[in-house]
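Here is a short briefing to read beside the model. Keep the structure open and find each spot as it comes up.

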Amino acid sequence: NQEDIGFDCKANGNINVDEFSKLAAGLFDLPVKANQYKGNLSIDLKLGGTVDNPKPSGSIVAKNVSADVTELYGLAVSELNGNVTADNDKLVLKDIKAKLLGGSVDLNGSVNNFQAMKLNAVANVKGTDLAEIRKLIGVWVPDMPKELNFAGKADLNASLSGSTAAPIIKGSAQLVNASFEHPSVLRPIEKINGRIEFNNDGLSSNGLTAFWGTSKANVTGSLKDWAKFISNFKFTVAPLDITDAAGFFLKDSGYEFLGVGTGNGTVTGALEKIKVDCTAQVDVGTVTAVITEGGESMKFPYKNLFARAIYSDSALNVASASLKLFEGDITACKITNNDGLVVNEAATINLPVMAWYNYKFNRFAIGGGAGINASMITANTVENSSDLKMTLAAGLNAKWYITDNFGLVLGGFGTIDALPSVISTKLCADSTSGSE
């Protein structure tokens, strides 16, 4: 049949892969480099059938074979050993072991239908180097952001199906102290541990732990599109290290926040346009402010700090924030940090003025009082001018004097809206909702 040539061939013996690759390079003008292929193959094959429908049978045994095809496929394989058997209409891969992607791989499966070359295989890789995975994805997804890097180790379990030209890959990975780095996340996300599921389209996870600075987050969600890295994650932070996080954004500003709390939020959008919407809460802490050009500072204790911040388009916007400072309240309506610039657009300040009586016994004292509270919203624009409101106020406190001049105090006050506003202008509408 001149249209479909038939085969009836046999071959057996040992092949030196290095020498064979050099021969093939010379015969077919292939770009083979020195030492690109190494190892030995023992073959015992019979080839029947036709060109369009080959029927191979027999076996191939690989012994310490290595192949560097990084430029073409992003892979370098070494110490490959195992058996490939042919049975007319399929190849069976049995106990294939090799060094791959910085780890050790075990591969079993088959290649069916020689006309269409269909895969059906399972691979387990221990100790994979994620930096090598990054290179591999970069070869197959050239549009992946160049600034994106990840590193660390992972154990992979993957299944391969579909055609050899466009394989379908599904599996899971156990990440061990991985890291993720890109300018959009400001500084590396480190110590990433946990399980992810992955496929050709992206990945998902029901529980990862990671550190941004010294704050620990638990993360769930998914990522789609390996080229754009479109995120849809939720996270909770405990502990949230305000000292570290605020210090990162307020570096060289003269302000320092000390405290540890909790937080939560979401991460959405493509990596280049990532949006982080989060809230933070700290029960007690200290804020230090530089008050003179010489660097002298004052420390103020605070409590019940709550803030909502949105990071988008390389700018941090604190949509709302509140805290208790001394006996008063300060509520920030909007603080914008854009490339290091902090703008306080509006704040609510409560300052109670009360007549007070203390009853002392030994080193303890109980006090109470009543008076007037001045509540004022300040702003830095004419249209959001100040709003001053007077209310009745009453309070109680308890003190314990550790020494004659130092001690601890527990107290609070409440207000009654029984007096008219002194000035009534536009209020900060987003002070409660946190929206712009």
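Start at the surface. Tyr357, Tyr359, Phe361, Phe364, Ile366 and Trp400 form a nonpolar patch there, with about 680 Å² of accessible area together. The model is predicted: local features need pLDDT of at least 70, side-chain atom pairs count only at pLDDT 80 or more, and totals for chains, interfaces and linings use all residues. Residues are numbered from 1 along each chain as its sequence is written, and side-chain values use heavy atoms, with hydrogens and water left out.

**The nonpolar patch**

- A patch is made of residues with over 30% relative accessible area and no salt bridge; nonpolar side chains (Val, Leu, Ile, Met, Phe, Trp, Tyr) are joined within 5 Å, and like charges within 9 Å.
- A salt bridge is a side-chain nitrogen of Lys or Arg within 4 Å of a carboxyl oxygen of Asp or Glu.
- Accessible areas come from the Shrake-Rupley method with a 1.4 Å probe; for residues, only the protein chains shown count as cover.
- Strand E19 (341-361) and strand E20 (364-379) are the elements that give two or more residues to the patch.
- E19 gives the most, with 3 residues.
- Phe361 lies in E19 and is partly exposed, at 36% relative accessibility.
- Buried means under 20% relative accessible area, exposed over 50%, and partly exposed in between (1.4 Å probe, protein chains only).
- Helices (H or I, at least four residues) and strands (E, at least two) are DSSP runs, numbered from the N terminus.

**Helix H4**

- Helix H4 covers residues 242-249, and its buried residues are Ile242, Ala245 and Ala246.
- Seen down the axis of H4, these buried residues fall within an arc of 90 degrees, so they line one face of the helix.
- The arc is that of the directions from the helix axis to the C-beta atoms.
- An α-helix has 3.6 residues a turn, so residues three or four places apart point the same way.
- Strands E11 (202-212), E13 (230-241) and E14 (255-269) are among the elements that cover the buried residues of H4.
- Asp241 caps the N-terminal end of H4: one of its side-chain oxygens lies 3.1 Å from the backbone nitrogen of Thr243.

- Ala238 and Pro239 are joined by a cis peptide bond, with omega about 5 degrees.
- Pro239 lies in strand E13.
- Asn64 is not a glycine, yet its phi is positive, at about 50 degrees.
- Asn64 sits in strand E3 (residues 54-69) and is exposed, at 52% relative accessibility.
- Leu101 also has a positive phi, near 55 degrees.
- Leu101 is in the loop between strand E5 (90-100) and strand E6 (103-112) and is buried, with a relative accessible area of 11%.

Definitions and conventions. Contact = heavy atoms within 4.5 Å. Polar contact = N/O pair within 3.5 Å; in protein donor to acceptor, adjacent residues only side chain to side chain.
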